[in-house]
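Welcome! Here is a short briefing for anyone meeting this structure for the first time.

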Amino acid sequence: MSASNPAGVFSTDVRAIKGIGEAYAKALQKLGITNLRELISYFPRAYEDRREYRRIADLLPGESACVRAIVADEPKLSHIRKGLDLVKFRAVDESAALDLTYFNQSYLKNTFRKGEEFVFYGKAEGDLLRRRMTNPLFERAGENRITGRIMPIYPLTAGVGQSLLHKSMRQGLDACADELADFLPEDVRTEYRLCHVRYAYENVHFPADDEALSVARRRLSFEELYLLTLGLRLLRERRAAVAGQRCENVPLTPFTDALPFSLTAAQRRAVEDTVRDMCAERPMNRLVQGDVGSGKTMVAAAAIWFAAQSALQSALMAPTEILAEQHYKTLAPLLEGLGVRCALLTASTPAKTRRSVLEQLQSGEITLAIGTHALLSPDVQYRRLGLVVTDEQHRFGVDQRAALGAKGDNPHLLVMSATPIPRTLALMIYGDLDVSLIDELPPGRQKIDTFAVHSGYHARIYAFLRKLIGEGRQAYIVCPMVAENDELPDERKAVTAYADKLQKEVFPDLVVRPIHGKMKAKEKDAIMRDFSAGSIHILVSTTVVEVGVDVPNAAVMLIENAECFGLSQLHQLRGRVGRGRHKSYCILVSDNKGEDNRQRLAVMTRTNNGFEIAEEDLKLRGPGDFFGSRQHGLPSLRVADLTCDMELLHEARAAAERLIAADPELDAHPALQARIRELFELNAGAMN
Ligand code: ADP
Ligand code: MG
């Protein structure tokens, strides 16, 4: 590997590392690792203390430990049946004997030689008389590669095992450690007692001891929170520099009086936040965050009506045609009644209608355009676009939002999202992002009954579906993309095969249809329309139904292989039912007996509350996913644990604030500036 280009060493392809071939590189890619920077930034999820060697006599059944022992007899290979080979032998130390068994690794017969000393690490089984280990990790005594130290445990994927990852990590770090520049200002490092970046990377992966590990983690967490805070501050400052289109502060009563219900307190707060933003100097950039069914659409409607009072047009952009149509159906009657003219503009709008809508948008006769990406086409021109609302923003690219924003003169932006930010995270970003939380559902919602069962229940589940469909209801069945062997998962195969089977073998008299992401948008929308209209009884899908679809007659959400989904995703999927007056059910099928899975499904059966679920998800999985750029356009947190790093967060924020005060554009800190730019992808698009 060449170090002749220091700036570029981090972008070196991982395949440059000895031992990383095509197949392994591909597997690593699934973990988001393609170059050295990504490799060394792939942090362990846990550590195992393998420093202590236990005497065999002191092994406790059920506990993992290291023992140092001498092979006491020649390993025996036995062929039990096709596909099952065992290598068995005994090893001893001065205290007792240990029986060792390895499954299907017949070559090990020649690895362990009588009289040689090895270290084994694994879970002890058996009793005080006969102690056993099955498939323990091992190395030659004195090697100290995987024992005798604190070992990092990385999250894995098919084709990437711990030991291979350890080796690659060692080599990756060795290849670029010298080039790791510390972009944290010296005085910040001194003041907050933070170690050097090189020490941090070394010890987060290969901790010398507990102390070194905690010093390393502290430094990396601080760095993450510091960068995040700085980035958010920069974004905010730049936004403050442009002038928005100030709205006139008129009372909202004409709007609220026209609603068939009164807004919940949470909705009212969100509307107040929004209206206040729109009357201010700078353009609004607000995220409205509320659980599925919490009534975000009405907040958007209020903002649209409010903008219209100042003669500003609005655009409401939804991720799919079907959602755009739904919004049109709910909003047009309400807003037209208040004198706000609305139009629907999607890819399937007939050419003639489209032409007339475009004309009226340009002349300003139409005040609200509701649509999909079609709203972004260059020929869509507005007379005075003042507000852009995006629904379920995480399905939109940053560029697309920027393109829409560019159609007006710095229009106000309102983003609605059902992806909950756990409270701890919200707390942290409140200062820097404008977020309104709708933390309350409209009154009278029924709890969705949720059951977690194993696949032995299928016959009963199908009978239950049949009964509800007999009563006029409809059902969703969601199955995950399951990878077969090492192939990429084929979602089309998964859903079509399952739908076919159900149609032929279980529900020949009903209409069962598959829907999946590989279908053309037109095809998908047609199926959703049929489902909406009730002419499809059972919709079998991957997760395309996840976002915002509203079919009040659907009363069952059946999720197969529920272990494949994250908690938040399960909750989103469940939110597709319970939208009408019918009692609704969610059935989670999983044969996975793992503790993690059991806990996740238990959370689902216990609560319907999205925020509670987000908190649990945070505990079980860490915050990375919430902060994934996919959802909020923010960099993800890889080390910092906000459930316990709050103190560090305050320190990092204080340090960031001081730096910005002294050097607002970070001109004196080019390395820091570059890193933030990289993390936030601060291009024109992200700066809206
Ligand atoms: P989401 O936040 O998931 O987008 P919606 O805006 O689609 O939720 O609202 C869900 C349903 O609740 C809609 O049928 C809507 O008319 C209804 N709704 C919204 N706000 C209220 C309210 N304050 N009282 C009663 N029903 C409401
Ligand atoms: Mg919605």
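**Around the ligand and across the salt bridges**

An oxygen atom of ligand 1 lies 3.4 Å from a polar backbone atom of S294. Please keep in mind that this is a predicted model. The points below look at the ligand and its surroundings, then turn to the salt bridges.

**Backbone contacts to ligand 1**

- G293 also takes part, with a backbone N or O atom 2.6 Å from an oxygen atom of ligand 1.

- As for its location, ligand 1 takes up the space of the second largest pocket.

**Salt bridges**

- How many salt bridges does a search of the whole structure find? The count is 34.
- One of them pairs D277 with R286, and their closest N and O atoms are 2.6 Å apart.
- Is D277 buried or exposed? D277 is buried, because its relative accessible area of 13% falls under the 20% cut-off.
- R286, the partner of D277 in this salt bridge, counts as buried too, with 7% relative accessibility.
- Another salt bridge links D49 and R51, with 2.8 Å between the closest N and O atoms.
- D49 counts as partly exposed because its relative accessibility of 49% lies between the 20% and 50% cut-offs.
- R51 is likewise partly exposed, at a relative accessible area of 31%.
- The side chains of E325 and R529 also form a salt bridge, at 3.1 Å from N to O.

How values were computed: Residues are numbered from 1 along each chain as its sequence is written. Chains are lettered from A and ligands numbered from 1 in the order in which they are written. This is a predicted model: local features need pLDDT of at least 70, side-chain atom pairs count only at pLDDT 80 or more; totals for chains, interfaces and linings use all residues. Side-chain values use heavy atoms; hydrogens and water are left out. A polar contact is a pair of N or O atoms within 3.5 Å; within protein, one must be able to donate a hydrogen and the other to accept it, and residues adjacent in sequence count only if both atoms are side-chain atoms. On a 1 Å grid over the protein atoms alone, a cavity is a set of points where a 1.4 Å probe fits but cannot get out, and a pocket is an open set with protein on both sides within 12 Å along at least five of seven lines; lining residues have an atom within 4 Å of a point. A molecule sits in a cavity or pocket if more than half of its atoms lie within 2 Å of its grid points. A salt bridge is a side-chain nitrogen of Lys or Arg within 4 Å of a carboxyl oxygen of Asp or Glu. Buried means under 20% relative accessible area, exposed over 50%, partly exposed in between (1.4 Å probe, protein chains only).
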